[in-house]
Amino acid sequence: LARFPTVDALAAAPLERELHAWQGFGYYARARNLHRAAVAVAAAGGRFPDTEAGLRELPGVGPYIAAAVA
């Protein structure tokens, strides 16, 4: 949260900076999906989807997470 306090901050950050923050954890595919999702949310005016269908459109969000968050 200190490095990327908002979705817009994460979306604007270079992917390499985010991947560096995840270094050593081994979750690089998740980090890439998180960055792609932040870019999508920022492009939608910062509005996070509020439906299960909308959540499933975000990169890296599958049916289980979409249902749990919705």
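This is a predicted model: local features need pLDDT of at least 70, side-chain atom pairs count only at pLDDT 80 or more; totals for chains, interfaces and linings use all residues.
Reader: How many residues does helix α3 have, and what length does it reach from its first C-alpha to its last?

Author: Helix α3 covers residues 28-43, which is 16 residues. At 1.5 Å a residue, a span of 22 Å is expected. The span in the model is close to that value, at 23 Å.

Reader: Where on α3 do its buried residues fall: on one face or all around?

Author: The buried residues of α3 are Ala-31, His-35, Ala-37, Ala-38 and Val-41. Seen down the helix axis, they fall within an arc of 165°, so they line one face.

Reader: Which exposed residues does the face of α3 turned away from its buried side carry?

Author: Exposed here means over 50% relative accessible area. On the face of α3 turned away from the buried side, the exposed residues are Ala-29 and Ala-43.

Reader: Which helix supplies the largest share of the lining of the largest pocket?

Author: The largest pocket has a volume of about 350 Å³. Of the 17 residues that line it, the closest to its centre are Asn-33, Leu-34, Ala-37, Pro-59 and Val-61. At least two lining residues come from each of α1, α3 and α5 (63-69). The largest share, 6 residues, is that of α3.

Reader: How many residues of that lining are nonpolar?

Author: The lining of the largest pocket includes 1 charged residue and 2 polar ones. The nonpolar residues number 14.

Terms used
Residues are numbered from 1 along each chain as its sequence is written. Side-chain values use heavy atoms; hydrogens and water are left out. Helices (H or I, at least four residues) and strands (E, at least two) are DSSP runs, numbered from the N terminus. The expected span of a helix is 1.5 Å times one less than its number of residues. Buried means under 20% relative accessible area, exposed over 50%, partly exposed in between (1.4 Å probe, protein chains only). The arc is that of the directions from the helix axis to the C-beta atoms. On a 1 Å grid over the protein atoms alone, a cavity is a set of points where a 1.4 Å probe fits but cannot get out, and a pocket is an open set with protein on both sides within 12 Å along at least five of seven lines; lining residues have an atom within 4 Å of a point. Grid points are joined across faces, edges and corners, and a volume is the space filled by probe spheres set on the points. Ala, Val, Leu, Ile, Met, Phe, Trp, Tyr, Cys and Pro count as nonpolar, Asp, Glu, Lys and Arg as charged, and the others, Gly among them, as polar.
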